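Biologist: Thanks for sitting down with me. Could you show me the chain, and then we can go through it together, starting from its surface?

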Amino acid sequence: MKRSRINEIMAEADAMIASFGFVLPPFASWTPDEFIAKRDIASNVISARCGWDITDYGAGRYDEMGLFLFTLRNGRLADLQRGGGMCYAEKLLISKQEQLSPMHTHVIKAEDIINRGGATLVIELFGSDDEGRFDEDKGGTVWCDGIRRDFGPGEKLKLAPGESVTLMPGDWHAFWGEGGDVLIGEVSTVNDDETDNIFRDPIGRFSEIEEDTAPAHLLVSDYRSWLA
């Protein structure tokens, strides 16, 4: 993706988030130079990989297959492993109309996916085989706002604003906006986007960036090169 396009997406996302009454944390507005100057006091933000995240899954077709994310808070895997402490994470996502977030699951992370506003969020669901692999012939069970819902293979769950679904490890899912763009909330166990996204097809989680202009804000994938 071109850095200029990433800057545009950030500005568009910030405006949409604000239109629904959400306000991003102060570090969201930092320029790269401000982040560098404050990296010592922001060490927890950096190590937890909180912040801006935009991906086209390496396909170069963001409007067709991509996702905007902002990680608001993220816990520590060590706390999760010992069973106490900061074991949770929270994100805001934007799924644009007909913009696919491709079929995937997680090994560790359970998550509530919440339609926070906008259009309808469509989630396509499949179950797993006994080893957790994608099974095109298998359905399963999810919980929608605490209510049990059994699904068949490939069933499409549609969430209106205010509705949510709880997905467990092994629940394979893809999603997109229907009828417009959707602001999504995600509340989950500790999030590790580098190792805990298992895609059905061999695609990448992060984008390669063409630096055609300076970044307005750093992406979480920029932290190693800019803040080391």
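This is a predicted model: local features need pLDDT of at least 70, side-chain atom pairs count only at pLDDT 80 or more; totals for chains, interfaces and linings use all residues.

Biologist: Which percentage of contacts in the chain, between residues at least 6 apart in sequence, join residues at least 24 apart?

Modeller: For background, the chain has 5 helices and 12 strands, and buried residues make up 49% of its 228 residues. Among the contacts you describe, the share joining residues at least 24 apart is 74%.

Biologist: How far apart are the mean positions of the positive and negative charges of the chain?

Modeller: There are 23 positive charges and 40 negative ones to average. The distance between their mean positions is 3 Å.

Biologist: Which element gives the most residues to the largest nonpolar core?

Modeller: That core has 31 residues, and those touching the most other members are Leu24, Phe35, Trp52, Ile54, Phe68, Phe70 and Tyr223. The elements that give two or more residues to this core are α1 (3-19), α3 (43-47), β1 (51-55), β2 (67-74), β3 (88-95) and α5 (223-227). With 6 residues, the element that gives the most is α1.

Biologist: How many residues are in the other core, which lies apart from that one?

Modeller: Among the members of this other core are Met65, Leu69, Leu121 and Leu125. Its residue count is 21.

Biologist: Which residues are in contact with phenylalanine 35, leaving aside its neighbours within four places in sequence?

Modeller: Phenylalanine 35 is one of the residues that touch the most other members of the largest nonpolar core. With those sequence neighbours set aside, its contacts are Trp30, Ala42, Val45, Ile46, Leu218, Tyr223 and Leu227.

Biologist: Is histidine 173 buried or exposed?

Modeller: Histidine 173 is found in strand β11 (residues 172-189). Not counting residues up to four places away in sequence, histidine 173 touches Pro102, Met103, His104, Thr105, His106, Glu111, Ile123, Glu124, Leu125 and Leu167. Its C-alpha atom is 9.9 Å from that of phenylalanine 134, 39 residues apart along the chain. Because its relative accessibility is 2%, histidine 173 counts as buried.

Biologist: What is the relative accessible area of threonine 71?

Modeller: Threonine 71 lies in strand β2. Beyond residues up to four places away in sequence, threonine 71 touches Phe27, Arg49, Cys50, Gly51, Glu90 and Lys91. Threonine 71 is buried, and its relative accessible area is 3%.

Biologist: Is threonine 195 buried or exposed?

Modeller: Threonine 195 is found in the loop between β11 and β12 (198-199). Its C-alpha atom is separated by 9.8 Å from that of isoleucine 108, 87 residues apart along the chain. The cut-off for this class is over 50%. With a relative accessible area of 55%, threonine 195 is therefore exposed.

Biologist: Which residues touch aspartate 14, leaving aside its neighbours within four places in sequence?

Modeller: Aspartate 14 is found in helix α1. Aspartate 14 is partly exposed, with a relative accessible area of 38%. Its contacts, with those neighbours left aside, are Leu24 and Trp52.

Terms used: Residues are numbered from 1 along each chain as its sequence is written. Side-chain values use heavy atoms; hydrogens and water are left out. A nonpolar core is a set of buried Ala, Val, Leu, Ile, Met, Phe, Trp, Tyr and Cys residues joined through side-chain atoms within 4.5 Å. Buried means under 20% relative accessible area, exposed over 50%, partly exposed in between (1.4 Å probe, protein chains only). Helices (H or I, at least four residues) and strands (E, at least two) are DSSP runs, numbered from the N terminus. Contact means heavy atoms within 4.5 Å. Lys and Arg count as positive and Asp and Glu as negative; His and the chain ends are not counted. The place of a charge is taken as NZ of Lys, CZ of Arg, CG of Asp or CD of Glu.
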